[in-house]
Structure formats: structure tokens, C-alpha cells
Amino acid sequence: MSTVVITASIIMAVIVVAAALFTGRGRASGGHGLKRRFGPEYARVVARHEGNTKEAERELDERVQRHGSLREQPLPPGAREQYVVLWARIQDRFVDSPWEATAAADVVVARLAKERGFPGGEEFEEQLAALSVHHAGQVHGYRRVHMAVRGRAGTEEMREAVVEARDLFDELLTQRPDNSSPRRPQSSEDRSHMPRAPGRRHTKG
């Protein structure tokens with residue numbers, strides 16, 4: 001076999017291997033990789049696509065392509081303390097005004113996410129998609145709060161939504177080096193307890 005043929009064969013083999021690696025890298029976030037990365041969010045997207053995992057994985061893969069390279073920005077000096085005070089006020093306000101407190105939680109999480117470098121809350125679906133790529137384990141509480149404000153949620157449902165949204169709020173307040181692993185979601189015992197409003201259903205049209 002001539003040197004030219006041998007060289008050509010080696011080049012073709014290298015191209016095939018490189019193509020396989022590239023394809024594998026492109027799909028590394030798919031299948032089991034997507035399940036590990038998105039956790040419960042993966043199941044929610046599959047359910048929204050009526051069990052069509054191919055379509056669900058395409059959507060999640062697109063989220064990773066759009067937002068995977070996003071690097072969270074550090075908060076300005078003093079901002080963390082200001083946000084902690086804001087959240088404490090939301091919890092105190094919930095007793096007398098559940099809907100207003102829930103709406104405030106929605107606004108505060110959106111503002112905090114934007115300040116950390118995510119898309120602004122005025123583009124909720126895009127912001128949520130970006131957050132799900134980096135904080136998949138905590139993003140559902142924010143979704144619940146956002147939907148509760150715009151639906152006819154009862155007082156207890158709103159309270160649970162605000163409590164769950166605290167996970168993402170705390171996560172966004174945590175300054176972590178890039179590429180470090182997210183903290184595990186806090187248990188209900190770890191979080192500050194939300195006060196319960198008087199026994200009534202509060203609705204907002």
C-alpha cells in the first residue's frame with residue numbers, strides 16, 4: 001500500500017473520529033445527560049409535549065445552546081443585604097396581603113435574576129429558560145409564583161409558591177465561582193418559615 005493511500009486512510013479515520021466526538025458533544029446534553037442536568041424540569045417539559053421525549057429534548061437542548069455559556073454576574077456591594085431585607089418584608093406582608101406579597105416575590109426574583117446576568121423578567125419565558133439551564137432544581141418555585149399572580153390561586157397555594165421560590169432566591173444570592181456545582185435545594189426545615197395568612201381563600205382575577 002502506498003504512502004499516499006496510508007496517509008489518506010489515516011486522515012479519513014481522524015475525520016470520522018472527530019465527527020463522532022463532535023456529534024457526541026452536541027448531544028451530550030441530550031437523553032440521559034438532559035435528565036441529569038434538568039432533573040424535574042425535564043419531566044415537566046416532557047409532560048408539556050404530551051410525552052414526546054424527542055420534542056422535549058430538542059427544546060431543552062436549544063435552551064442549553066442559547067444559555068449554556070451564560071456567566072452569572074456578581075452582585076454589587078451591599079445588594080445582597082438589600083435583597084434579604086426585601087424578602088423579609090415580603091414574608092411579613094403575606095399575612096395581610098397574600099396576593100400583593102406574592103406579586104412582590106415575582107418582581108424581586110425577576111430583578112435579582114436580571115442583576116445576576118439573566119434575561120430580564122419582561123421576557124419571562126426566556127428568563128425562565130435561562131434560569132432552568134443553570135438552576136434547574138430551583139426554577140419551578142419562580143414559575144409557581146409567576147403563575148399564581150396571574151391566575152386564581154388560593155392563599156395556601158400562594159404561600160407554598162413563595163416558600164418554593166425562596167430556593168431560587170437563595171441560590172441567586174449565593175456567589176459561586178463559574179462552573180461550580182449548584183447547592184442542593186434547601187429543605188423546608190432549612191428555610192425561614194412563611195407566616196400563614198388567616199384561613200381564607202384569596203383570589204385575584
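Is R144 buried, partly exposed or exposed? Select R144: this residue is partly exposed, with a relative accessible area of 24% (buried is under 20%, exposed over 50%, partly exposed in between, with a 1.4 Å probe and protein chains only).

Before moving on, a note on the model. This is a predicted model, in which local features need pLDDT of at least 70 and side-chain atom pairs pLDDT 80 or more, while totals for chains, interfaces and linings use all residues. Residues are numbered from 1 along each chain as its sequence is written, and side-chain values use heavy atoms, without hydrogens or water.

R144 lies in helix α8 and E164 in helix α9, so the pair ties together parts 20 residues apart in sequence (helices are DSSP runs of H or I, at least four residues, numbered from the N terminus). E160 also forms a salt bridge with R144, at 3.5 Å.

Next, select F169. Leaving aside neighbours within four places in sequence, F169 is in contact with Y83, V84, W87, V108, V109 and L112 (heavy atoms within 4.5 Å).

Finally, show α7, where 9 of the 11 residues are buried. Among them are F124, L128, L131 and H134. The buried residues of α7 pack against α2, α3, α4, α6, α8 and α9.

Key:
Helix = DSSP H or I, 4+ residues; strand = E, 2+ residues; numbered from the N terminus. Salt bridge = Lys/Arg side-chain N within 4 Å of Asp/Glu carboxyl O.
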